[in-house]
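Please keep the sequence and the model open while reading.

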Amino acid sequence: MRGGDSDAGAGLCDGGPFVLAHLSDPHLSPLPGVHPRDLLNKRLLGYFSWYRRRRHIHCPHVLDALLNDLAQAAPDHVAITGDLTNLGLPDEFRQAARWLERVGSPARVMVVPGNHECYVAAPWRETFGRWADYLAGDGAVADGVYPRLRVRGGVALIGLSTARPSLPFMAVGSLGKEQLDRLEDLLEQTGRRGLLRVVLLHHPPVPGSIAWRKRLTDASGFAAVIGRQGAELILHGHAHVSMERELVAGTVPVFGVSSSSSSSSQSAPLRTASYTLYRFRRRGDVWEVLLSVRIYSHRESRFVLARERELLLPAPAIGRTAG
């Protein structure tokens, strides 16, 4: 993959497009290293769900086709919004670390956690520590502290963590007051710099987008921060369905993608494995954005273009924010 690593990097700053690929919920299979002692908690329910259903839905051959398509698309950066694992087992984190190396280098790939990474509380070193470079922002931040910021080619990628252990049969997420406070400061700062702000999180932030037991519990607090400081784009996963929503009276687009490993038939296009390419180009006071949604074709055994759409996003004036 190509691309720059700073405000002065490739893309918006030299007049060319900056290309971001967004994918989510690969749920890597097969499930490695399961020992009976690992299932003496909520993971037991997750294991039964994986064995009975999920292992037939999330297919390695679909992910292989995804990696081939990504290599041809050659985006500047890749954003992955969580759920690389199924039960959050240490061996799954090892497997996912190897898979991330196939996606690209940590400098070109940014990951935010999903709820399946936090099935139960587990030591950082044995879990997320194996992905530390893929979770990292541009500056030093303590383990487990969010948001994380990367600036690439005039785009501010702001990674949040909604991942929390939850009760059996629940898959809720939350941001918490401290993370929301830091997010507000970061949106204000990046807005003053005139950057295109892309917020990445796992859970859908628009109420009603997903079942109550899988919701973002402090979605209203998140919406309030976005309303005060603004953002240009919000990307998420978790629902395993492609969706388009809006926040703040329709001014901030919110896009979710289906699972990137789903074997669902193209007769159910919103659940078919997909990822999205965003091509950003600044034109004066607006950003032109071309969305290209690519889905897995069972007939062709590869990803193909499903649809394209253009957006015009107002650019915050340098030195001034939406507040």
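How many helices and strands does the secondary structure of the chain come to? There are six helices and twelve strands. The radius of gyration is 18 Å, close to the 20 Å that the globule rule gives for 323 residues, so the chain is as compact as a globular protein of that length. The model is a predicted one.

**Overall build**

- The C-alpha trace spans about 60 × 45 × 35 Å along its principal axes.
- Of the 323 residues in the chain, 56% are buried.
- Among contacts with a separation of 6 or more, 71% join residues 24 or more positions apart.

**Surface and charge**

- The chain has an accessible surface of about 13500 Å², and carbon and sulfur atoms account for 52% of it.

**Nonpolar cores**

- The largest nonpolar core holds 34 residues, of which I80, W99, L100, V111 and W131 touch the most other members.
- Two or more residues of this core come from each of these elements: β1 (18-23), α2 (60-73), β2 (77-80), α3 (90-103), β3 (109-111), α4 (132-135) and β10 (274-283).
- Leaving aside residues up to four places away in sequence, V111 touches I80, L84, L100, W131, Y134 and L135.

**Cis peptide bonds**

- The bond from S29 to P30 is cis, with omega near 0°; P30 sits in the loop between β1 and α1 (43-57).
- The bond from Y146 to P147 is also cis, with omega near 10°; P147 belongs to the loop between α4 and β4 (148-152).

- H238 is not a glycine, yet its phi is positive, at about 80°.
- The loop between β7 (233-236) and β8 (243-247) contains H238.
- With a relative accessible area of 6%, H238 falls under the 20% cut-off, so this residue counts as buried.
- V248, another residue other than glycine, has a positive phi near 55°, and its place is in the loop between β8 and β9 (252-256).
- The relative accessible area of V248 is 29%, which makes this residue partly exposed.

Technical notes: Residues are numbered from 1 along each chain as its sequence is written. This is a predicted model: local features need pLDDT of at least 70, side-chain atom pairs count only at pLDDT 80 or more; totals for chains, interfaces and linings use all residues. Side-chain values use heavy atoms; hydrogens and water are left out. A nonpolar core is a set of buried Ala, Val, Leu, Ile, Met, Phe, Trp, Tyr and Cys residues joined through side-chain atoms within 4.5 Å. Buried means under 20% relative accessible area, exposed over 50%, partly exposed in between (1.4 Å probe, protein chains only). Helices (H or I, at least four residues) and strands (E, at least two) are DSSP runs, numbered from the N terminus. Contact means heavy atoms within 4.5 Å. The radius of gyration is taken over C-alpha atoms; the globule rule is 2.2 Å times the number of residues to the power 0.38. Accessible areas come from the Shrake-Rupley method with a 1.4 Å probe; for residues, only the protein chains shown count as cover.
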